[in-house]
Amino acid sequence: MQADYDVIVADNLSNSVDTALERVKEITGKTAFFYQIDIRDKAALTEVFNQHPIDAVIHMAGLKAVGESCAEPLMYYQNNLDASMILFEVMQSFSVNKVVFSSSATVYGDPDTVPITEDFPLRMMNPYGRTKYMVEEMLRDITLASNMQAVLLRYFNPIGAHDSGLIGEDPHGIPNNLMPYIAQVAIGQREKLSVFGGDYPTVDGTGVRDYIHVVDLAKGHVKALERIAETETKQGQCLTYNLGTGRGSSVIEVINAFEKVYGDKINYEIVERRPGDVPEYFANPQLANEEMGWRAEKSLDDMMTDTWRWQSQNPNGYKDD
Ligand SMILES: NC(=O)c1ccc[n+]([C@@H]2O[C@H](COP(=O)([O-])OP(=O)(O)OC[C@H]3O[C@@H](n4cnc5c(N)ncnc54)[C@H](O)[C@@H]3O)[C@@H](O)[C@H]2O)c1
């Protein structure tokens, strides 16, 4: 919205709250159109396209918890694949031919080497990752057969929050990811962080990931839209970019960085490795830089400062509003 796009949001609020959009209004001074719909509901989605001329779609809707996807694979295939197919069908029927898709670095699985470039083999390790891969494949096929243009953005590990402290991550229940877990230990909602694995072949034995500030990630989407707006429409245009910083940080490095901002110790314990986790991965983000002019600008310290601002200003996430 700050890049001057008029934004229409369609979300079933299965993992979000509309308070976040009120906060977006506070930040931007603008209101996004909002439709609380499940995008698998073709009639409801068609109605949104009937109401607005739409230039492009950023498709982020999906379920995303790896563990849950192993326990409930059908739910993941059903939601993530059906939602995508119906969305692409409706887009085609309205001749909307630009789409940016939220894919994930999880499609690389456990890579042989790092940093990871976009041409690495894809080795999904769980149903969630396979849904991402399958939607990528769908878009590769659709773009080959039509004038649809797609950008697949493979996110590494988004963390942080908007620097206003007004919008941030508010997971339901026990967080699946490191950063919200650390923040909840800091605010006193969780007693202790479990660090899964201290004997990986990494700098200090803990897992290494490429953490990227969520605002840098958001800017990557604006760049992706510009990238497809400026290129001539042609068949088979499906571009893939890593969105990462190119730097890996271990769990211990993240805890240390957070403690500097927080001013105290984080209670943690190193426990057994978690099945399905990989030792180390980080991006080579050069292609996104060369072709989209995008580069992550924020540091790990910015990510920690913004996470803590969000969490300390909103101890219960959006639930207090
Ligand atoms: N957060 C990460 O670490 C990460 C990493 C890589 C990729 N991704 C992908 O990026 C996207 C956004 O991630 P996020 O972290 O903001 O997750 P999120 O859960 O906050 O956002 C996904 C949104 O989609 C909505 N949704 C789900 N199914 C829907 C449906 N059928 N119809 C309408 N709305 C639906 C949810 O309510 C939620 O608001 C997801 O597709 C996710 O798989 C996230």
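This is a predicted model: local features need pLDDT of at least 70, side-chain atom pairs count only at pLDDT 80 or more; totals for chains, interfaces and linings use all residues.
Which residues in α2 meet which residues in α4?

On the α2 side, the residues are Lys42, Leu45, Thr46 and Phe49. Their partners in α4 are Ile86, Leu87, Glu89, Val90 and Met91. Sorted by class, this contact of α2 with α4 holds 6 nonpolar, 1 polar and 2 charged residues. Two packed helices are described by the angle between their axes and the distance between the axes. Here, helix α2, residues 42-51, packs against α4 at about 40 degrees, and the axes lie 10 Å apart. The two helices are therefore oblique to each other, and the crossing of α2 and α4 is right-handed.

Helix α4, which spans residues 73-93, has a further contact to consider, with helix α5, residues 127-145. The axes of α4 and α5 come within 9 Å and cross at roughly 20 degrees. Angles under 35 degrees count as roughly parallel, so α4 and α5 are described as roughly parallel to each other. This crossing, too, is right-handed. From α4, the contact draws on Pro73, Tyr76, Tyr77, Asn80, Leu81, Ser84, Met85, Phe88 and Gln92. From α5, the contributors are Pro127, Tyr128, Arg130, Thr131, Met134, Val135, Met138, Leu139 and Ile142. By class, the residues of the contact of α4 with α5 comprise 13 nonpolar, 4 polar and 1 charged.

In Ser16, a polar side-chain atom lies 2.7 Å from an oxygen atom of the ligand. In Lys64, an N or O atom of the side chain is 2.8 Å from an oxygen atom of the ligand. Ile39 contributes through its backbone: an N or O atom there lies 3.0 Å from a nitrogen atom of the ligand.

Helix α6 covers residues 178-186 and helix α10 covers residues 300-313. They pack at an angle of about 50 degrees, with axes 10 Å apart. That value makes α6 oblique to α10. Once again the crossing is right-handed. Met179, Ala183, Gln184 and Ala186 of α6 meet Met304, Thr307, Trp308 and Gln311 of α10. The class count for this contact is 5 nonpolar, 3 polar and no charged residues.

Finally, two points of backbone geometry. What is the peptide bond from Val114 to Pro115, cis or trans? The bond is cis, with omega near -5 degrees. Pro115 is placed in the loop between β4, residues 98-104, and α5. Asp4 sits in the segment before β1, residues 8-10.

Definitions and conventions
Residues are numbered from 1 along each chain as its sequence is written. Side-chain values use heavy atoms; hydrogens and water are left out. Axes are lines fitted to C-alpha atoms, for helices over the stretch in contact, and angles run from 0 to 180 degrees between N-to-C directions. Helices (H or I, at least four residues) and strands (E, at least two) are DSSP runs, numbered from the N terminus. Angles under 35 degrees count as roughly parallel, over 145 as roughly antiparallel, 65 to 115 as roughly perpendicular and the rest as oblique. A crossing is left-handed if the near helix is turned anticlockwise from the far one by less than a right angle, and right-handed if clockwise. Contact means heavy atoms within 4.5 Å. Ala, Val, Leu, Ile, Met, Phe, Trp, Tyr, Cys and Pro count as nonpolar, Asp, Glu, Lys and Arg as charged, and the others, Gly among them, as polar. A polar contact is a pair of N or O atoms within 3.5 Å; within protein, one must be able to donate a hydrogen and the other to accept it, and residues adjacent in sequence count only if both atoms are side-chain atoms.
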